[in-house]
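Subject: Handover of a structure

Dear colleague,

Please find the structure below, together with its sequence. I would be grateful if you kept it open while reading the notes that follow.

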Amino acid sequence: SLNISSGATVFIDNANSGSYALSNALTGSGVLHVVLIGTGGFSFNFNPSAGTAFTGTTQLGNGTFTLSGQNTAALANGTLQLDSSNTTIVGAGAQSIGNLTLNGGTLSFANLPTGTITTGALTLNSGRVRIDPANASTSGNLLAQDEGSIQQLISATSVTGPTSNLTLTNLSGAALSSSTANIVQGGNTVA
């Protein structure tokens with residue numbers, strides 16, 4: 001088992017330059033800092049044996065992470081912090097985690113309209129949010145759809161930092177200041 005005490009940090013860099021899965025039962029309230037060496041899009045994951053007892057911060061740097069399944073379960077009581085060079089992909093369905101901090105990383109909502117996040121404290125220091133504009137708003141009244149997107153990506157009990165600290169992009173990383181998408185009403189594309 002791996003118990004990270006308050007004020008302590010365990011650093012994982014995987015010197016073998018590859019993906020890494022944490023298999024230890026994870027407890028405590030310290031920091032698990034993961035920065036995977038290399039440029040191959042390596043991923044970090046929690047195995048089921050990691051459990052759900054960790055109340056600390058999982059701080060992700062270089063690498064990718066998919067917020068779904070066991071990865072979401074391991075963060076149920078902790079904080080997920082996305083630092084620069086990290087890309088986290090939100091899986092299908094509602095993903096519920098303790099807290100979320102965007103600290104220079106990329107949060108990709110590639111599974112909309114269902115792939116969303118529910119969290120406690122949401123901290124917006126900096127970072128990028130990626131969406132597919134065509135999937136961000138797929139329901140609602142035709143007359144109301146010209147008023148903007150109606151898709152809530154993150155539901156939080158508290159928010160620190162303005163959304164202007166973030167850059168909204170499409171899934172390829174191109175900035176979105178405005179976009180076009182099909183107008184959908186009753187499940188049918190009408191314009």
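Two residues are said to be in contact, or to touch, when heavy atoms of theirs lie within 4.5 Å. In this sense, and not counting residues up to four places away in sequence, Val-159 touches Leu-122 and Leu-124. Please note that the model is a predicted one. Val-159 belongs to strand β14, which covers residues 154–160. Its C-alpha atom is separated by 5.9 Å from that of Ala-121, although Val-159 and Ala-121 are 38 residues apart along the chain.

The next residue to look at is Thr-79, found in strand β9 (residues 79–83). Is Thr-79 buried or exposed? The relative accessible area of Thr-79 is 13%, and a residue counts as buried under 20%, so Thr-79 is buried. The side chain of Thr-79 is joined to that of Asn-99 by a polar contact of 3.2 Å. If neighbours within four places in sequence are left aside, the residues in contact with Thr-79 are Gly-56, Thr-57, Thr-58, Asn-99, Leu-100 and Thr-101.

Strand β7 (residues 57–60) runs parallel to β5, and four bridges join the two. Strand β5 (residues 31–34) is also joined by four bridges to strand β2 (residues 9–12), and these two strands run parallel as well. Here Val-10 stands opposite Leu-32 of β5.

Finally, I turn to the aromatic rings. A pair of such rings is described by the distance of the centres and the angle of the planes. How many aromatic pairs are there? Counting rings whose centres lie within 6.5 Å, there are four aromatic pairs. One of them is formed by Phe-44 and Phe-46, with 5.0 Å from centre to centre and 80° between the planes, an edge-to-face arrangement. Phe-44 and Phe-46 are both buried. Phe-46 also pairs edge-to-face with Phe-65, at 6.3 Å centre to centre and 90° between the planes. This second pair links distant parts of the chain: Phe-46 is in strand β6 (residues 44–46) and Phe-65 in strand β8 (residues 63–67), 19 residues apart. Phe-65, like Phe-46, is buried. Through ring pairs, Tyr-20, Phe-44, Phe-46 and Phe-65 are linked into a cluster.

With kind regards

Methods:
Residues numbered from 1 in each chain as written. Predicted model: local features only at pLDDT ≥ 70, side-chain atom pairs only at ≥ 80, totals over all residues. Heavy atoms only, no water. Phe/Tyr/Trp six-rings, centres within 6.5 Å; stacked < 30°, edge-to-face > 60°. Buried < 20%, exposed > 50% of the residue type's maximum accessible area, 1.4 Å probe, protein only. Pairing = 2+ DSSP bridges. Polar contact = N/O pair within 3.5 Å; in protein donor to acceptor, adjacent residues only side chain to side chain.
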